[in-house]
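Please look over the sequence and the fold together before reading on.

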Amino acid sequence: MTLSILDLAPVVSGGTVARALRDTIDLAQRAEGFGYRRYWLAEHHFAPGVASSAPAVLIALVAAATSTIRVGSGAVQLGHQTPLSVVEQFGLIDALHPGRIDLGIGRSGQRRAELTAEASAGPPPEPRAAEVVDGLLIPPPFDYSRLAQHPHLAHAATLLQQPGARTPDFAGQIDDVLAFLAGTHEVRAVPGEGADLEVWILGSSGGQSARVAGERGLPFAANYHVSPSSVLEAVTAYREAFKPSATLAEPYVMVSADAVVAPDEGRARELAKGYDLWVRSIRTGAGAIPYPSAAEADAHVWTDDDRALVQDRLDTRFVGSPGQVADGLRVLRRVTGADELLVTTITHDHEDRVRSYELLADAWDRP
């Protein structure tokens, strides 16, 4: 199947981290039966509504509970760890689950510093208008400059690294990861050297992540669900930079999407409630709150400014019946030229989330 899953191990309102982790393992086992290709775990910190703060640990647990589905990271934040520590962690998991582990890498630490610098440089340029490209909505870009200045994020950044630590250039870090895996580094990573990992790079724009992925001949995952305004720039930059490698002869692109599926559109929209309030908590800098129930979402009083914070994410979700969502995702795949789609679904009730993935898998297999 050309569908995969991105899981944040969401903690719902009234729930616990332990419940979220058990639900993640259950969903992975059932997704394997539905035929999904990969099951990726995100990395997020200081978020009461997200339990996936240590993806390598969670990947090991999910891999041990499944047998055929690929399991990986979407993405390890290389700004917070050294290439050696990442390779050792994933090499250890691969030793027990060879040929099933994906190492997806992001440059979040460096990007955060860039956003802070951009925010202090002056007001952002005038945003472009929304456009529809061959049926796919490309919304105006979200202005991250205000979020980058939030004191919570600045303090959080100091806690994710040792005092005085500086993150090296991302391209050099990726080269170190590849050298450790290939055994060509000046020192050996054990476990890690020779591990049968798929190395991916994730990116939200046409910047360094896309270029490094292309220049190293690695597969690339672009974020439509987090940064829908720049998804076409990201995949174009990757393809333009691509050079064939021992890993890939041609570019390989995966694109992420938010989706909620139910037997009919009305039920799907009811299940999707809470998402806008959850995204608002992220974009105000407070960190993801426990995922709200429909009743909690209905009780929230929205301001125009609040709505503006989340509108691009709401407008680019795929919510509806199995046929509606499958058709929307096919448009996303066609317009971006994606080889694979990475779907993330969050609902307040775990069984609704499982059912959403089951319905989507069934619809995706039908013409």
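Predicted model: local features only at pLDDT ≥ 70, side-chain atom pairs only at ≥ 80, totals over all residues.

Two residues are said to be in contact when they have heavy atoms within 4.5 Å of each other. Residues are numbered from 1 along each chain as its sequence is written, and side-chain values use heavy atoms, with hydrogens and water left out.

**The nonpolar cores**

- A nonpolar core is a set of buried Ala, Val, Leu, Ile, Met, Phe, Trp, Tyr and Cys residues joined through side-chain atoms within 4.5 Å, where buried means under 20% relative accessible area, exposed means over 50%, and partly exposed lies in between (1.4 Å probe, protein chains only).
- The largest nonpolar core has 103 residues, and the members that touch the most others are Tyr-36, Tyr-39, Phe-90, Val-255, Trp-278, Leu-329 and Leu-332.
- Helix α15 (residues 350-365) supplies the largest share of this core, seven residues; helices (H or I, at least four residues) and strands (E, at least two) are DSSP runs, numbered from the N terminus.
- Beyond its neighbours within four places in sequence, Trp-278 is in contact with Leu-8, Gly-49, Val-50, Ala-288, Ile-289, Tyr-291, Pro-292 and Ile-346.
- Another core lies apart from the largest one and has six residues, among them Val-260, Ala-262, Ala-268 and Val-319.

**The cavity**

- A cavity is found on a 1 Å grid over the protein atoms alone, as a set of points where a 1.4 Å probe fits but cannot get out, and its lining residues have an atom within 4 Å of a point.
- Grid points are joined across faces, edges and corners, and a volume is the space filled by probe spheres set on the points.
- The structure holds one cavity of 30 Å³ or more, and the largest cavity has a volume of about 50 Å³.
- The lining of the largest cavity is made up of Asp-258, Ala-259, Val-260, Tyr-275, Arg-317, Thr-344, Thr-345 and Ile-346, and strand β10 (residues 253-261) gives the most to this lining, with three residues.
- By class, this lining has four nonpolar, two polar and two charged residues, where Ala, Val, Leu, Ile, Met, Phe, Trp, Tyr, Cys and Pro count as nonpolar, Asp, Glu, Lys and Arg as charged, and the others, Gly among them, as polar.

- Glu-43 lies in the loop between β2 (38-41) and α2 (55-65), and Glu-43 counts as buried because its relative accessibility is 5%.
- A polar contact of 2.6 Å joins the side chains of Glu-43 and His-45; such a contact is a pair of N or O atoms within 3.5 Å, and within protein one must be able to donate a hydrogen and the other to accept it, with residues adjacent in sequence counting only if both atoms are side-chain atoms.
- Arg-313 is placed in helix α13 (residues 304-315), and Arg-313 counts as buried because its relative accessibility is 8%.
- The side chain of Arg-313 reaches the backbone oxygen of His-225 at 2.6 Å, and, neighbours within four places in sequence aside, Arg-313 is in contact with His-225, Val-226, Asp-258, Tyr-275, Val-279 and Arg-283.

**Backbone features**

- Most residues other than glycine have a negative phi, and most peptide bonds are trans.
- A cis peptide bond joins Gly-74 and Ala-75, with omega about 10 degrees, and Ala-75 sits in the loop between β3 (70-73) and β4 (76-77).
- Val-190 and Pro-191 are also joined by a cis peptide bond, with omega about -5 degrees, and Pro-191 lies in the loop between α7 (170-182) and β8 (198-203).
- Phe-46, in the loop between β2 and α2, has a positive phi near 60 degrees, and Phe-46 is partly exposed because its relative accessible area is 37%.
- Asp-134, in the loop between β6 (131-133) and β7 (136-138), has a positive phi near 50 degrees, and Asp-134 counts as exposed because its relative accessibility is 51%.

Technical notes
1 Å grid on protein atoms, 1.4 Å probe; cavity = no way out; pocket = protein on both sides within 12 Å on 5 of 7 lines; lining within 4 Å.
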